[in-house]
Protein chains: 2
Amino acid sequence: MNYIELYDTTLRDGAQTEGISFSVHDKMRIAQKLDEIGIRYIEGGWPGVNPKDVAFFKRIREYDLKNAKIAAFGSTRRADTKSSQDKVLQGLLASEAEVITIFGKTWDLHVHEVLKTSSDENLRMIEDSLRFLRSKGRFVIFDAEHFFDGFKDNKEYAVKCLLAAQQGGAERIVLCDTNGGTLTSQVFDAVEEVVKVIRVPVGIHMHNDSEMAVANSVAAVQAGASHIQGTINGYGERCGNANLISIIANLKLKMGVDCITDIALKDLTELSHFVAEISNMKQEDNQPFVGRRAFAHKAGVHINAILKNSRSYEHIDPDRVGNRRRLIVSEHSGKSGIAKKAEEMNLGLDPAKADGQKILKTLQKLEHEGYHFESAEASLELFMRRAMHEFRDFFKLVDFRVIIEKKEKHSMTSEAVIKIKVGKTMEHTASTGDGPVNALDSALRKALKDFYPALSEMHLSDFKVRVLDEKAGTAAKVRVLVQSQDKNESWWTIGVSENIIEASWIALVDSVEYKLLKGSGKKK
Amino acid sequence: MNYIELYDTTLRDGAQTEGISFSVHDKMRIAQKLDEIGIRYIEGGWPGVNPKDVAFFKRIREYDLKNAKIAAFGSTRRADTKSSQDKVLQGLLASEAEVITIFGKTWDLHVHEVLKTSSDENLRMIEDSLRFLRSKGRFVIFDAEHFFDGFKDNKEYAVKCLLAAQQGGAERIVLCDTNGGTLTSQVFDAVEEVVKVIRVPVGIHMHNDSEMAVANSVAAVQAGASHIQGTINGYGERCGNANLISIIANLKLKMGVDCITDIALKDLTELSHFVAEISNMKQEDNQPFVGRRAFAHKAGVHINAILKNSRSYEHIDPDRVGNRRRLIVSEHSGKSGIAKKAEEMNLGLDPAKADGQKILKTLQKLEHEGYHFESAEASLELFMRRAMHEFRDFFKLVDFRVIIEKKEKHSMTSEAVIKIKVGKTMEHTASTGDGPVNALDSALRKALKDFYPALSEMHLSDFKVRVLDEKAGTAAKVRVLVQSQDKNESWWTIGVSENIIEASWIALVDSVEYKLLKGSGKKK
């Protein structure tokens, strides 16, 4: 178990995710990043099917990749035809990809009911197609589609398909759990049997329908597989593919298996964010190893212990994968957490002193009212600095007015009028918007933009509304969370009120103040 | 492997999730749902630490649960004290919970560096605490914190801790992977060893930091564990706990293990949605078994095959867990459900006829825009009746205006001015409120009250706001759900718009119209 080959299919299987649609340019950027981190094979697409993929294979040839080889994906030839005349195989060759991966059926249910051909012809399709591609000088990989279902239903035939692939010259034979339904123990047993009868390196390709794709991939390695296919962040159709991010971290840090370098491992968190960003997917906060919350500690007991010995509540050192520890302040965390937080901000809050006590009390009161600072660290920092007189507001609200109007047969309009003071200068302006909060947001930025040009660097990236105590109906308190970002970081702010406009306003003001605080040099 | 006990800790460990903050009322609703589905133990909270939890234990005693027993969670006594004088243990007893679960250290690193006590005293703390609680007539469960880390580091001591728990009278001994770092093979091996030396039933409590919590829980069962702890949707600190939803589905459908009934299994999708909704978390579309995309098939090869034989691309029948197949190309996926709905309303909609087709198209368009009629059947009924000219609106909006004003040093005010027409009579009135939606709600009722006195019988009982497409920031679309009730029933209505006031208005109007429709005798 010295070295495991990684095969990334984010650009092909990952692109099947509902909601993901890569441009050729997106694909180029991801491929280069995957190459940098040391992925061995990058599956770029199915060149016969998608014109975008044809363009990708053409453009990627111009790049001098350091580590990776590009693979083109397709299927075996059709039944009762010749490989040399098959359109799919011709498309694969035309891509000029060095590596060609083709999938074939290994479950006889599929052979008979979907392909509607004979078991023997299917074996010939596998063997012929591979031999043909190999004769053209390509490195060929066989993806054994539905292998585990076939192995359960008709083991003899499933293994025959693998042997046909070997006979045809496959350099890797990859066992696919196409429906994602196989349990870890079944994966282990099947791989163990296969590696006994197959001479070429065996690979694994898992889907997450049983929420086991990562465990199954790791178990396959323990059973003798030496090649793993997966996608960054587990993107893929239905419940996704095996998440290469978690697989890499587990292999490297838990099993001492070589697959990328230690230095590249430190880029794992960044890689995950990068691919999420390009895919326009939100990176899940709870994503193992690389998520924002993966090393966040909330319970008072935990924080106490972490401060004594980080191993006590962390399975790995977050730094190894480029992530970091976060201590979350909340009603669960108690004093030590809050003091620690203040320390991080260089505020020197002493919870034993009267001032510190007062701040903690106010914090608890606010949390009781529905504030939830753990999700809004920027607001927490502003609160602490304000409480300790470490911070002066960058502007002062004089007044605002928001008017929402609906006239028969016209669509609704929202307009905000705002008056603020920066130093001694008064600014009075107005804006419309898609709804009252958007109008208010626009008016505030408009009023501030001449005083603080840096605000043009930030934008709002996420917005959440939660009704607290929903039973109070339309008079219920509302908690608004706003996420903002500039080119370097993102931050969350919070507002709570019975009036949703007021709650939004509080969060908006904090988001702007935090940006200005960062720019003022007060904050490192 | 006949029957596996399920132990849900959504209300305790799940509540540690950053972003989740349950009210006592939320906890009550979730507990009742868990009971209905047949969960054996429901861990309600840590009564010594959190006042909200104390209130929960008090209120839940008034309910006659059908299947579940309520468990209170806490720790062993402190070092060098007496159990009978320990505050945590007293808090647990005071909760009057039938089941008490306490955690204790089993990793000597924790004993020495975090507790700062001796190995022997830790053993006494475990044994004493359990014996004490049991002597008070409680059913006691021991959570062996960090068991797998302890087992790796100092196996002898880790097992000694379990034996101390057994000696103290623990009825279940639960092996916890507190840091979530253990691989499936390690879990299997450790559980297999433990069940050989421990007489009482062994349980498992997994965290998802290695993205293996579900696989690890299932492997533990295969190694001899008979009790599983987890949370709905895998909520929990950091990367979450083991996801009970996936565990239940795997046990029932892949391993034939009994844990809930087949009928309850069909409620799994609904349960997952329900808990996500109350937690104000988005249910992930790609969540295994229950997510919107879990059985979604894209155009081409897959759909073709699915139509030939659903087993070909589905690991289980989605109906078994209350989910459904979605063919993404199909324009008519919701058709049969909608036709069925119309049948329930005695509307005689024929989806084969032109009218029916048109209505279905409009419905699909609305759903695409973010309407979600499954959660708002009153709005669905109004929509269908309007579309089929089975219904005339009870009033007509002429116009409204909402003004929200904030002046320096004054609190924010909201005022709504509204003009409506009932028949030929125009009504023009105004109202203030706690926020713009409340003001609008009040003004609408005020305008209608003389025409429709029945409205005084209804009131709004719940109000939810969800930001759709959160990435669009303050310009994002918002979905508002309003629940209303009178003395006989409650109903949900919905509105979607980029303007939160408009979305609320749409839902408010429907809530009133539905009430009036009921009173008009048109609806049985």
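The questions and answers that follow concern helix packing, the chain interface and salt bridges.

This is a predicted model in which local features need pLDDT of at least 70 and side-chain atom pairs count only at pLDDT 80 or more, while totals for chains, interfaces and linings use all residues. Residues are numbered from 1 along each chain as its sequence is written, chains are lettered from A and ligands numbered from 1 in the order in which they are written, and side-chain values use heavy atoms, with hydrogens and water left out.

Q: Why are helix 16 of chain A and helix 18 of chain A called roughly perpendicular to each other?
A: The axes of helix 16 (residues 377-387) of chain A and helix 18 (residues 500-519) of chain A cross at roughly 75 degrees and come within 10 Å. Angles of 65 to 115 degrees count as roughly perpendicular, and the two helices are therefore described in that way.

Q: Which residues make this contact between helix 16 of chain A and helix 18 of chain A?
A: With contact meaning heavy atoms within 4.5 Å, the residues include Glu381(A) and Arg385(A) of helix 16 of chain A, and Asp510(A) and Tyr514(A) of helix 18 of chain A. By class, the contact has four nonpolar, one polar and five charged residues.

Q: What makes Lys396(A) and Glu408(B) a salt bridge?
A: A salt bridge requires a side-chain nitrogen of Lys or Arg within 4 Å of a carboxyl oxygen of Asp or Glu. The N to O distance for Lys396(A) and Glu408(B) is 3.5 Å, and the rule finds four salt bridges across the interface of chain A and chain B.

Q: Why does the pair of Glu145(A) and Lys105(A) tie together parts that are 40 residues apart in sequence?
A: The closest N and O atoms of this salt bridge are 2.9 Å apart. Glu145(A) lies in strand 5 (residues 139-145) of chain A and Lys105(A) in strand 4 (residues 99-105) of chain A, so the pair links those parts.

How values were computed: Axes fitted to C-alpha atoms, helices over the stretch in contact; angles between N-to-C directions. Helix = DSSP H or I, 4+ residues; strand = E, 2+ residues; numbered from the N terminus. Parallel < 35°, antiparallel > 145°, perpendicular 65-115°, else oblique. Nonpolar A, V, L, I, M, F, W, Y, C, P; charged D, E, K, R; others polar.
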